[in-house]
Amino acid sequence: MCEEDGPKSTISFAIVIAGSLISIISISNNVLLFISLIRNNRCFKCYFHFILALCFFDIIISVCYMPVILVDSLKDWTKWIELAKAWWPFFVYGLAMTHVCMTTACYILIAVAYERYLITVRSYMLKQFQKRRSWWCFACLSLGVLTKGGMLIELDVFPNEDPSCKNTVMEYYVDVTDITKSVWYGTIYKFWIRNIATVFLPFALLLLINLGIVLELRSQMQHAFGNRSRRRFSLRMQSRTNVRQATATMLFICVIYLISNVVNVFITAWEFIDIESLQTRFLEEYMLSADLSSVLVVTACALRLPIYMLCNPELRRAVKKSFTHKSEHQQKMHQTFSLIAKILV
């Protein structure tokens with residue numbers, strides 16, 4: 001008899017459903033932000049360029065969540081063979097695309113933080129960095145492809161050799177290919193290089209860069225307070241305002257990033273220490289953590305627009321301006337059609 005995998009737990013399925021709803025919100029938020037930025041005249045002349053690229057990859061991540069994660073759970077729960085047949089050929093490509101975009105978006109976020117750091121410390125490297133924003137976006141995408149693109153050759157869909165599995169959701173199954181069994185690829189590249197480059201390094205870089213910005217801002221604030229010039233009060237108020245806005249933005253960015261990646265970092269660290277226990281004694285928790293990690297990623301994507309609107313006045317104005325222009329355009333169109341109607345009547 002064909003042994004079918006049991007359906008995922010109710011908790012896991014509830015997490016996946018919640019993730020699907022959040023992914024819809026994320027798509028709406030990021031499409032709105034993408035349209036607002038692309039219509040802005042300064043989009044490719046300031047840090048909006050990075051935010052636009054980040055928004056683009058967030059959209060792809062959110063769009064891929066449902067066909068990659070939700071459909072996988074639905075086919076196991078419903079035993080719907082047609083759904084399984086549609087999912088099998090898409091899964092490997094969708095999963096690889098999602099992970100490439102996740103890594104790319106992560107490094108773009110680091111680039112945004114680094115540019116802010118250069119601005120804060122008034123570095124001589126700032127102008128050169130800003131001139132190469134397109135190059136940095138391409139470099140981030142290249143890192144994503146180099147570290148996660150290999151998933152296309154690591155996973156494949158195999159036919160089940162058991163004849164009784166024919167015309168069931170177990171007719172095919174996803175498994176790793178032979179290339180992952182080699183030392184150079186499976187151990188050195190896939191396990192060591194990939195995990196360090198996509199999990200631990202981005203986590204540490206973003207934390208250190210934001211910490212450096214906070215410390216520099218505090219130093220500047222203390223210097224402003226120590227200035228006994230006639231503009232002491234205005235400098236003090238301006239410094240307080242800048243610190244408050246920059247600190248709030250950085251704290252939100254760090255907290256969202258840390259929360260969305262803390263499960264992944266913890267599990268990856270456990271894999272380094274004792275992967276056998278995860279695959280035997282804690283298998284159910286291991287699978288549940290994978291679903292939770294995916295939901296946290298799309299949640300971070302969905303929360304970026306509210307964070308920008310709350311903490312960044314410039315982005316807030318850009319979004320509001322886009323709405324204002326749309327409202328004015330609709331009003332002009334309405335007036336035009338009203339005038340035409342009056343003429344015809």
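## Two Annotated Segments

Over residues 47–70 the chain is 96% helix and 0% strand, with the end C-alpha atoms 34 Å apart. This description, like those that follow, rests on a predicted model. Residues 191–215 are 100% helix and 0% strand, and their end C-alpha atoms lie 35 Å apart.

## Overall Architecture

The secondary structure of the protein consists of 10 helices and 2 strands. Along the sequence, these elements follow the pattern α-α-α-α-α-α-β-β-α-α-α-α.

Of the 345 residues in the protein, 42% are buried. Among contacts between residues at least 6 apart in sequence, 74% join residues at least 24 apart.

## Packing of Helices α1 and α9

Two packed helices are described by the angle between their axes and the distance between the axes. Helix α1 spans residues 10–38 and helix α9 spans residues 283–311; they pack at an angle of about 25°, with their axes 8 Å apart. Because angles under 35 degrees count as roughly parallel, α1 is roughly parallel to α9. The crossing of the two helices, α1 and α9, is left-handed.

Residues of α1 that make the contact include Ile 11, Ile 15, Gly 19, Asn 29 and Leu 33. On the α9 side, the contributors include Leu 288, Asp 291, Val 295, Cys 301 and Tyr 308. The residues of this contact divide into 16 nonpolar, 6 polar and 1 charged.

Terms used: Residues are numbered from 1 along each chain as its sequence is written. This is a predicted model: local features need pLDDT of at least 70, side-chain atom pairs count only at pLDDT 80 or more; totals for chains, interfaces and linings use all residues. Side-chain values use heavy atoms; hydrogens and water are left out. Axes are lines fitted to C-alpha atoms, for helices over the stretch in contact, and angles run from 0 to 180 degrees between N-to-C directions. Helices (H or I, at least four residues) and strands (E, at least two) are DSSP runs, numbered from the N terminus. Angles under 35 degrees count as roughly parallel, over 145 as roughly antiparallel, 65 to 115 as roughly perpendicular and the rest as oblique. A crossing is left-handed if the near helix is turned anticlockwise from the far one by less than a right angle, and right-handed if clockwise. Contact means heavy atoms within 4.5 Å. Ala, Val, Leu, Ile, Met, Phe, Trp, Tyr, Cys and Pro count as nonpolar, Asp, Glu, Lys and Arg as charged, and the others, Gly among them, as polar. Buried means under 20% relative accessible area, exposed over 50%, partly exposed in between (1.4 Å probe, protein chains only).
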